[in-house]
Each structure stands twice: as C-alpha cells, then as structure tokens.
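Student: Hi! Could we look through a protein structure together?
Tutor: Happy to, ask away.

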Amino acid sequence: MAIADDVSIDYINKIIGRDASPSTTVYTVNALYSYLMDTFDELTQLDDEVPMSAQTPTSYTMTNGWYIRENLTQFLETGAIQTSGYLDDVHTLVLDGTYAGPDEANIGTQVTDDAADIGALLDYDNTAQKWFIRVGSSTVIADNSVMSINGDAGVTGDASGDSTTGETIFANPYSLGSINGSPSLYIYQNGSVITSWWSAGHFDILIKVKDSGTDIDSKVITVFAREFAELYSHFEITLTTAGQNAVPLGTSLDLNNETAVATVEDWQDGTTYSIAVAYNFAAPYQYDIGDGNGNQSYDCQIDANGQTLDKVYEVCKYWTRRTSTKQLEYNTDSNFINGEAYISADDTYSPVVVAPFGTFAGGKFFGAQGIYFTNLHGDDAQNFQLIDNGGTTRNPPNYQAFTVGGLASGDRVGVYEETTQGSGLVDKTQYSLSGANALNTITVSTAIPVDTPATGSIIVVDDDGSEVAYAYSAWSGSDFTVTISAAVYSGSETAYVPYLYEESSGSNVSETTTIYVSDRYVVTKVRKAGILPFVTSGVYSSTGYSGTAIRTTDSQYT
Amino acid sequence: MALTINLEGKGIIANADASPDTAMTGSAWNEVGLGTDSFTTDTFLYGDTSFAGAYSNKNGYQYYDIGSANVLDFDTAGTEEGQHIYMWIHCPTIGLLQTKANKGLTIRLGSDLTTDYREFLIAGSDDANGWNGGWKCFVIDPTKTGSVTDTGTFDVGAIRYFGVWIDTNAIAKGDNIFISQIAVCKGIRVTGTSTTGWKDVVDYCIDYPNRAWGVFQERDGIYYQFGKANIGSTAQAANVSFADSGRIIQFGISEYWNGTAWVTLADIDYSGIELQDHASYTTTFSDGVIVGTDNGRSGSVIIGNDNHNVSLDLYGGNNAASLTTCYGTIFKGLTGTLVMGNDSNHLFYGVTINKCHQFDPVGAPVIRNCTFSETIDTDAALLWNANINIQDSKFIANTLGAAFEYPIQGTYSQNGLTYSGNTYDILYSDDASSGILTINAIDSNPSTSEITNTTGNSVSIVNSVDIDVYVKDEDNNAIPGARVGVYKTSDNTQLMLEESAVSTGLASESYNYTVDTDIYIRVRDSSIGSTRYYPGKTTGTILSGGFSGTVVLIKDRIVNT
C-alpha cells in the first residue's frame with residue numbers, strides 16, 4: 001500500500017492520522033512530509049494550510065494548527081516531530097471517575113464539558129484515560145468537569161485536574177550497535193515501561209517526550225536489551241527535540257547463563273534452592289570480607305543459599321531479564337522497581353550494564369557496587385569480588401581449603417604441619433608457649449599465622465612429652481581462646497595446631513577458613529580401627545590442599 | 001487694465017453727511033423722538049462723518065428721508081426688486097438698550113415716517129446676536145416679514161425712510177447710535193483685468209474714505225461677501241480677466257430677530273458668484289495654480305453659510321472662448337446651484353467640493369483630481385451628463401446623498417474614481433424600467449448603489465482588474481506549473497486558483513475590484529517527479545489597479561523527490 005492508503009487527512013478538524021484500514025508499513029517522517037507536501041500542492045488543497053514543515057531531513061514541525069495522532073506516529077521513523085500551535089488550542093485532559101472512553105467514531109465530534117460543547121475530540125488514550133481536545137483558546141477545562149461526547153452519552157469521565165495546553169514533541173530515538181539476534185528492546189519512561197509497538201531487533205521510533213507543554217521526565221528514556229541467556233545492555237538518554245537520537249546497545253550470548261530459564265527460576269523460588277536478595281539502605285549490611293579492613297557497608301545482600309556463585313549469577317540474570325517483575329529496590333528502602341528495569345542499587349553507583357548485580361567470569365562473580373554474598377558455597381571462598389557502598393573494590397582473602405577425601409564416616413583425620421617435606425612427621429614444636437598460661441588462654445611466643453583455622457584445636461606438648469588437645473574458639477595475635485585453668489603450663493612447653501583435626505561424617509572433610517600465605521608442608525593421617533593407618537605428605541599451596549585417604553583394610557584387626 | 005467695480009443695482013442712497021445724498025432732491029437725515037441728532041466727525045466709517053444720535057434713557061427714530069420723489073420700489077417688478085439695503089450701523093451702548101422684547105434697536109423702513117413702517121429687530125440689551133455694537137453692515141431684504149407686525153400700511157413698493165429705532169433705558173453719555181453709508185443693490189459687478197481679482201475687489205469696497213460698500217468686507221485676512229459678485233457682463237465691451245489665488249472668501253450673514261429666532265435678514269438666494277461674458281468678449285476666471293498637467297494648488301477657499309443658498313455659476317455661456325479654471329480651489333458649504341460651465345476647455349483640477357449642493361458640470365469641463373465630499377444634496381454630490389469628463393477624483397463621506405448620480409440608463413466608464421465612506425457610491429435615478437446601468441470601473445472602486453426607481457432597473461458595476469502572481473525560484477527563473485491560490489484576508493474567499501504559466505511563471509486572474517482588498521497568496525509546487533519547493537506564502541492588497549507580485553519559492557532539499 002502507498003502511504004496515501006495508510007494516512008488519513010481530516011481537513012475539517014485538521015487531523016493527520018492513520019487510515020481506518022492501514023497496512024503495517026512504517027514510514028519515515030520524511031515520507032509523510034513528502035506525501036503531505038505533494039497532497040497540499042494540489043489546486044484543490046490550496047485553501048488549506050500546509051500541515052507540516054521541515055527543518056532538517058530528520059526534524060519536522062506540525063504547523064498551522066494541524067494535529068498528528070499518536071496512532072500514526074507509532075508507524076513513523078527516522079525523524080522527530082514537534083508541534084507549533086498546540087498552545088492555547090489543543091488541550092490535554094486526564095479523566096477519572098466512571099470512565100468510558102471514546103472510540104474512533106468520536107474523533108472530530110464535539111466534547112462536552114458539563115453538557116456544553118467545548119471543542120472537537122482530536123485523539124484519545126483510553127489506557128491513560130487521556131483526551132486531546134481542540135478547545136481553541138487558553139481557557140482550561142476545569143477539574144471535576146463532567147465530560148462526554150456530544151451525541152454519545154455513553155462516553156463519560158470526570159476531569160482529573162485542569163486541562164493543560166502546550167506544544168508536543170515526538171523525539172526519534174534509534175538503536176544501533178552489535179546485538180545478538182533480535183532482542184525485544186523495551187523502553188522505560190518516567191518509571192513505566194512503554195507498551196511496545198515496534199518490532200524485535202533494532203528500532204527507529206518516535207517517542208512522545210513532551211506533552212501539552214510539559215517534558216515527560218525531562219525527556220529521559222532508558223532503553224533495555226535484556227534477553228535471558230545474553231549479556232544485557234541498556235542506555236539512558238535525554239532525547240533532543242530535533243533530529244535523531246542514537247541509542248547504542250550491545251548484547252551477546254552469555255556463556256555463563258545457559259541454564260534453562262525455568263531451571264533458574266526454581267533456584268530462587270524455593271523449588272530447588274532459595275537464592276534470595278535483600279536490601280537495607282537505612283542500615284546497610286556490614287560485612288568483613290577478611291581483607292584486613294574490617295566491616296564495610298553494603299546495600300544489597302544476596303543469599304547464595306550455599307549454592308555456587310555460577311548459579312547465583314544466573315539467578316541474578318533471571319531477576320533482571322526482560323519481562324521480570326521481580327521487585328527489586330534501589331536508592332531507598334521499599335523503593336521498588338521491576339527487575340527488568342533494575343540498573344543498580346543506587347543511582348549514583350556505576351551500573352554494570354551487562355548484568356546489573358555483577359558479572360561472572362572465570363568462575364568468579366564480580367559483584368556490582370553495594371552487593372555482597374552470604375551463605376557461600378565452600379568452593380566459592382575465593383570466587384568473588386565485591387565493591388562496597390563507598391566504591392572500594394573488596395577482594396576476599398585467599399581462603400584455601402584443606403580437604404581430605406576418600407574417607408568413611410568415623411575416620412579420624414588429621415592434617416598437620418610436617419617437620420620437613422616428606423618426613424611424614426608432625427612438627428610438634430610449631431609453637432612455644434609464652435609463660436604460664438592465663439585463664440582460658442594459651443599464649444604462644446610468636447604471632448599466630450593467618451593460615452591457622454579460625455576455630456580448631458591446639459595440642460600442648462608438655463615437658464614430659466604428654467599431649468593435651470584444647471579446642472579453641474578463636475585466636476588473635478598470639479592467643480588461643482580455650483577452656484583452661486590459669487597456669488596449667490609454665491611456658492616451657494611446645495604446641496602445635498592441626499589444620500584438620502576431626503572425625504569424618506562422610507566421604508570427606510574440609511577446612512575453609514584458612515588463608516593461604518605461603519606453601520606449607522603437611523602430613524595427613526587417617527586412622528580408624530579396621531583399616532591400616534594412612535599417612536601421606538603433601539603441600540598446602542595457593543590452591544589449597546587436597547588429599548585422598550587410601551583406606552586399606554587391616555586384615556589383622558579383629 | 002485694472003478692474004472696474006460697480007454696485008449692481010440702485011447704488012449708494014445716503015452718505016451720512018450734511019449734504020443731500022446722491023442728488024436726491026428733498027433727502028435729509030433727521031430724527032423723531034426724544035433723542036438729539038447731529039452729524040459727527042468723531043465717529044464715522046465712510047468719509048469723515050456719520051449721522052449720530054444721543055439717546056440717554058430715551059428713544060427715537062434716527063432716519064434718512066430719501067424724499068417723496070425718490071421712493072424705492074422693492075416690490076415684485078419694482079425697480080429695486082431683488083435688491084437689498086446695505087446699512088452701516090454703530091451702537092456703542094448695546095448694554096443700555098431695552099431688551100429684545102421691548103424693541104431695543106430695530107432697523108425701521110417706512111413708507112411714512114410715523115404711521116407706516118416695518119421694523120427688523122437687530123439687538124436688545126439681553127441679546128445682540130453676538131454683535132458688540134461696532135460698525136456693522138446690515139443687509140436687509142425689505143420684503144421679509146418684520147420682527148413685529150408692521151405699523152400702519154407699510155408699502156414695500158414705496159420706501160422713503162431708512163433708519164434705526166433706538167430705545168435705551170439707562171443713562172448714556174454722548175452719541176450712542178451712528179449710521180454711515182447706505183446702499184441699495186444686489187451685489188457688485190466686476191469687469192476689467194486683474195491677477196489679484198478678489199483682493200482688488202475687496203480693497204476697493206473697503207476703501208472707506210471713499211466708499212463703504214458692504215458687499216465685500218475684510219477681517220483678519222478673510223474676505224466676507226454679502227450679495228452676489230458678477231464677474232464679467234453680457235454687455236462688456238472688452239475681455240475680462242479675473243484671476244487670483246489663495247484667498248478665503250466667506251459669504252457673510254446678516255440676521256434679525258423674527259420674534260422667535262435670529263434669521264437671515266437677506267434673501268436666502270442673494271449670495272453667489274456668477275460669471276458673464278459677451279459674444280464678442282471673453283471672460284476668463286482663474287483661481288489657484290496648476291500642478292503638473294491635471295492637478296492644482298493654492299486655490300481660494302470659498303465658503304458658504306447656513307443662512308443662504310450660495311450659488312455658483314462659472315459659465316458665461318455667450319462666448320465659447322471664455323475660460324474658467326480652478327486649481328486647488330475649495331468650495332465649501334455652497335448650497336445653491338452649482339453650474340460649472342458647458343465648456344470642454346474649463347478646467348477643474350484638484351478642486352474640493354465639500355458640503356455643497358450637487359455639482360452639475362453641465363457639459364464637459366475637465367475634472368481631474370477633485371474631491372466631492374459630504375454633499376448636502378439629497379441626490380448626489382456629482383451629476384452625470386453625457387459629456388462629463390472626470391477622472392482621478394475622489395468621492396468621500398457622502399452620506400446624505402450618493403456620490404455620483406446617473407440619471408440616464410446606459411453603460412458608462414469610470415476612470416480613476418475612488419469612493420470611500422459613502423452611503424451609496426452610485427445613484428441610478430432614471431425612470432422605472434429603464435434597464436441596467438452598467439458602470440465599467442477602471443481604476444475605480446464604486447461598490448454600492450441606490451436605485452431611485454427600482455422597478456425594472458438595476459446597477460451592474462464592472463471593475464475588472466488583474467491579479468498577477470509571478471512564481472520564480474531562487475535564481476529568478478520562472479517556475480511553471482506551480483499552484484497559486486489567492487484569498488481574501490477578511491473572509492478567506494478564494495479569488496484565484498491557477499497554475500503558473502510555462503514561460504513566465506505567471507498565474508493571473510481577473511477580479512472585479514470594488515474596494516482595496518487585503519489578500520494572502522499561497523504558492524505550492526511539491527509534486528513528486530519534479531523539483532519540489534517549500535510552500536510559499538505572502539500577503540498583499542488588491543488596489544484599484546489590481547495586484548501584481550512575485551513569490552519566490554525555495555527549493556525543498558529535504559522532501560523526498
């Protein structure tokens with residue numbers, strides 16, 4: 001169909017609109033302008049003023065009182081349209097009360113204000129309950145006026161506030177960049193998503209950014225490309241009045257987000273797991289990542305529910321994907337936003353465009369500003385990086401685990417510092433006590449190294465060679481906190497602290513609170529009556545220590 | 001040759017001195033009553049004396065007796081029929097007079113001294129009609145009804161006594177009533193040659209040591225005329241040339257109290273100007289200065305008054321070579337007959353005829369750049385005739401009568417005649433069923449018409465002018481095929497809808513012009529397949545000569561070609 005078949009011209013009411021039976025063709029604004037110029041240069045049209053003028057190939061103006069309907073602007077591209085002459089002529093009225101909206105048959109019909117004709121209906125938006133009326137003057141339609149259509153009493157509504165009058169601007173954003181496939185781009189304006197009329201993939205559309213003389217959210221829109229399984233993209237732009245506005249977007253497949261969306265959904269709704277997110281802006285979460293700088297503030301807490309961060313990452317993607325209505329918060333408590341429009345915990349934070357909660361790469365979750373994790377999986381002691389509310393990047397200390405596998409329940413397992421590499425002997429002089437012990441404290445003569453488990457056992461070797469193991473609940477400096485009477489020891493004794501010192505309840509045991517500092521030679525012992533004692537030497541390195549017991553049945557044991 | 005100026009009529013009948021006047025045997029100045037009379041040289045206008053009277057709380061009649069053998073006959077067919085009495089009177093004690101009701105001061109004309117007379121009240125202590133008592137020439141038509149019932153049997157055909165009745169009711173010191181020269185005439189007649197004609201006439205009439213002809217007077221540079229000025233004569237023995245410019249001639253009034261109001265003491269038709277000539281001798285009358293070939297300036301201003309139907313007859317009629325030319329002359333308030341002469345040589349350039357009776361050009365005087373305004377004629381300001389020759393003139397604010405009367409059906413052209421503010425521009429006054437009066441208006445804008453006899457008559461005004469719109473591009477090349485629309489600004493009426501021509505870019509349409517019309521013009525050429533332009537719009541005014549303008553279209557480099 002030609003544009004003439006898709007565009008209607010109402011010469012009486014000076015409305016440029018969309019034909020009653022149009023095609024779906026989208027025309028450039030230039031095509032509309034060109035068509036109108038061609039139409040209005042006919043002799044029979046000279047008595048009508050031209051409806052449009054062109055300032056540049058992408059900037060146009062509705063002139064001489066002509067009104068352009070939004071059902072047409074949705075089928076235009078590549079050019080902005082502003083109006084000249086709406087002020088004190090066209091009024092916009094929002095209605096409430098018992099609303100029964102007009103239809104196409106009412107276009108051009110007189111609108112009644114308290115039963116008196118006030119001007120022709122030019123356009124309507126029954127979703128927003130908004131009417132556009134050619135009042136022809138600056139006289140406003142007063143709040144609470146009873147509105148209807150002359151000759152159609154079924155159309156009803158009450159004025160919700162005075163009508164407004166002023167110029168309108170349809171800006172022209174268009175997207176560009178490398179995007180994966182044809183994502184369904186969506187736009188948020190003034191906190192709400194615009195119901196899209198455009199096709200998937202890159203768009204070139206006209207968006208109303210000024211209505212009746214008032215900018216809509218300062219002409220700002222945010223365009224999102226967030227298809228699950230892809231790296232997201234969005235762009236916030238203040239649209240200019242004239243010409244086109246480029247919206248750069250870039251998306252690609254997210255290799256860390258390949259799990260089926262339904263599966264990921266189950267990871268956060270309790271079906272499989274309960275990975276969750278929470279915010280506290282008034283009293284930010286305090287979390288010490290262990291980097292020696294103590295507690296730091298975080299607005300957002302993600303509960304990993306003991307699951308690995310790769311799953312957490314996908315859940316975060318799920319929450320912020322297109323169509324997500326997950327209620328997330330930003331800036332202040334209970335300031336909710338749909339997840340599909342979530343950008344960051346705070347507007348002042350640098351957003352992570354591709355994944356609002358943070359990215360995942362190399363098995364490591366790089367959290368967005370203000371986000372921290374709790375209930376991490378043991379394997380993820382080191383697999384994340386945070387940025388606190390203050391914007392400082394926080395890396396966890398190098399927690400490297402001691403793990404011993406190949407066990408059976410009931411096996412006693414000990415991992416000790418070895419006297420020398422491969423000696424197979426426990427270094428029982430790891431510490432020397434420092435003077436008589438105080439009540440509930442055993443003090444050693446040197447600083448306790450950071451690769452000491454946070455809790456565990458300290459074994460004191462008395463002068464006579466006897467040993468007593470004390471469970472400590474904490475350590476600090478040179479002190480182990482234990483349960484002991486004062487002056488049990490004189491200070492001439494030695495002591496050592498196993499890295500693992502426990503009875504297995506399963507196939508393996510581990511210790512994740514130790515921080516790697518430097519390589520340690522360790523000896524692992526596994527014993528249980530019925531099997532031959534197992535001893536092996538190893539090294540606790542930057543990747544931790546992992547040993548596997550060989551459980552050989554003691555054939556002699558009865 | 002200077003002008004020869006004579007009173008037209010009886011002439012001077014009394015000089016107000018001790019000697020018998022104008023050789024009328026038996027004539028004499030006298031008084032009856034309680035006052036004392038004398039000839040005084042203390043107060044006079046004409047010559048060196050006047051006839052004075054002293055009335056201190058007294059009354060009496062101060063008069064001139066023309067003598068029983070010299071009585072004047074103002075009656076119908078009488079010797080002095082149509083003539084007026086010009087009597088100079090001075091009364092310095094107006095405030096001491098009896099009131100009007102008690103007949104303070106009257107002009108008394110008698111056919112008998114005491115028993116038969118007529119009186120015209122001219123002042124009372126309570127009302128002197130604006131007169132302060134200084135020398136004033138009262139112009140009296142003795143046939144008019146007196147202020148009070150005539151005493152006895154006054155015979156207008158045998159008037160012998162001419163004087164003033166005065167009645168004072170307070171003490172006056174010395175003489176308080178004076179009479180100077182008395183004349184009887186219709187006006188003056190002028191022959192001879194002058195380039196300062198009006199001035200010469202006035203200077204002559206107010207040469208008070210020698211004459212006090214009240215026909216022309218002068219105050220503060222303004223000439224006042226009482227009666228008729230005849231320029232030329234049917235009996236003249238030589239050519240007459242009377243020229244002047246820049247004078248102000250006001251036809252004066254002389255009033256008396258008729259019992260209920262101040263009314264004219266003279267006949268309403270006695271004022272005017274009339275040109276006369278002789279079959280063998282021409283009369284040339286010229287006023288003002290010609291400007292260019294068809295306009296004028298510095299003409300005199302000739303002003304009528306509300307009391308008289310001042311007439312104007314500028315056509316001698318006996319000699320075709322006689323010539324009347326008026327350049328920039330202003331005729332105002334002339335409510336008598338206006339005859340401009342059946343002579344195609346007569347010229348009226350830049351003349352204004354304001355608040356006058358209908359102007360009848362009779363024949364074919366050339367009328368150019370004249371203005372006819374505020375006519376007091378109930379028909380029209382100007383009367384058409386078959387030989388009329390008028391162009392480039394204006395008809396303004398003629399609301400009592402129409403602007404231009406056509407008494408005969410036909411098709412006529414108007415050229416350069418502009419109308420504004422008239423109730424009717426055209427009056428069609430032919431008999432019923434005469435048909436259509438067609439006016440082809442060329443550079444003219446008649447638009448409204450009145451038909452005296454509407455049955456079978458109508459008026460068709462055809463004022464065809466061209467609306468020309470040239471369409472060009474930025475390089476001044478003609479744009480063919482552009483659509484051009486012209487509309488009235490006032491009501492958006494479409495006046496033209498044409499495409500511009502191939503070679504000239506001209507779009508043209510005829511328009512029946514009636515009045516200056518503001519227009520707006522739209523020009524568009526944005527058809528697919530050819531050079532496309534931005535719409536063009538401009539405004540203009542269709543004048544009596546039509547409209548011609550150029551619209552330059554700017555190439556639209558944005559539109560999709």
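Tutor: Let's start with Q62(B): its side chain reaches the backbone oxygen of A52(B) at 2.7 Å. That is a polar contact, meaning a pair of N or O atoms within 3.5 Å; within protein, one must be able to donate a hydrogen and the other to accept it, and residues adjacent in sequence count only if both atoms are side-chain atoms.

Student: Before we go on, what kind of model is this?
Tutor: This is a predicted model, where local features need pLDDT of at least 70, side-chain atom pairs count only at pLDDT 80 or more, and totals for chains, interfaces and linings use all residues. Residues are numbered from 1 along each chain as its sequence is written, chains are lettered from A and ligands numbered from 1 in the order in which they are written, and side-chain values use heavy atoms, with hydrogens and water left out.

Student: Back to Q62(B), which strand is it in?
Tutor: Q62(B) belongs to strand β6 of chain B, residues 59-65. Strands (E, at least two residues) and helices (H or I, at least four) are DSSP runs, numbered from the N terminus.

Student: Is Q62(B) buried or exposed?
Tutor: Buried, because its relative accessible area is 0%. The cut-offs are under 20% for buried, over 50% for exposed and partly exposed in between (1.4 Å probe, protein chains only).

Student: What else does the side chain of Q62(B) make a polar contact with?
Tutor: The side chain of Y55(B), at 3.3 Å. Beyond its neighbours within four places in sequence, Q62(B) is in contact (heavy atoms within 4.5 Å) with residues including N30(B), F51(B), F162(B) and I179(B).

Student: How much of chain B is buried?
Tutor: Of its 561 residues, 54% count as buried. Chain B has one helix and 50 strands.

Student: New topic: how many disulfides are there?
Tutor: Zero, over all chains. A disulfide is a covalent bond between the sulfur atoms of two cysteines, and the rule asks for a pair of cysteine sulfur atoms within 2.5 Å.

Student: How many salt bridges cross the interface?
Tutor: The rule finds four, a salt bridge being a side-chain nitrogen of Lys or Arg within 4 Å of a carboxyl oxygen of Asp or Glu. E49(A) forms one with R522(B), their closest N and O atoms being 3.6 Å apart.

Student: Last one: where is D143(A)?
Tutor: In the loop between β12 (130-134) and β13 (146-149) of chain A. D143(A) is partly exposed, at 38% relative accessible area. A polar atom of its side chain lies 2.7 Å from the backbone nitrogen of G161(A).
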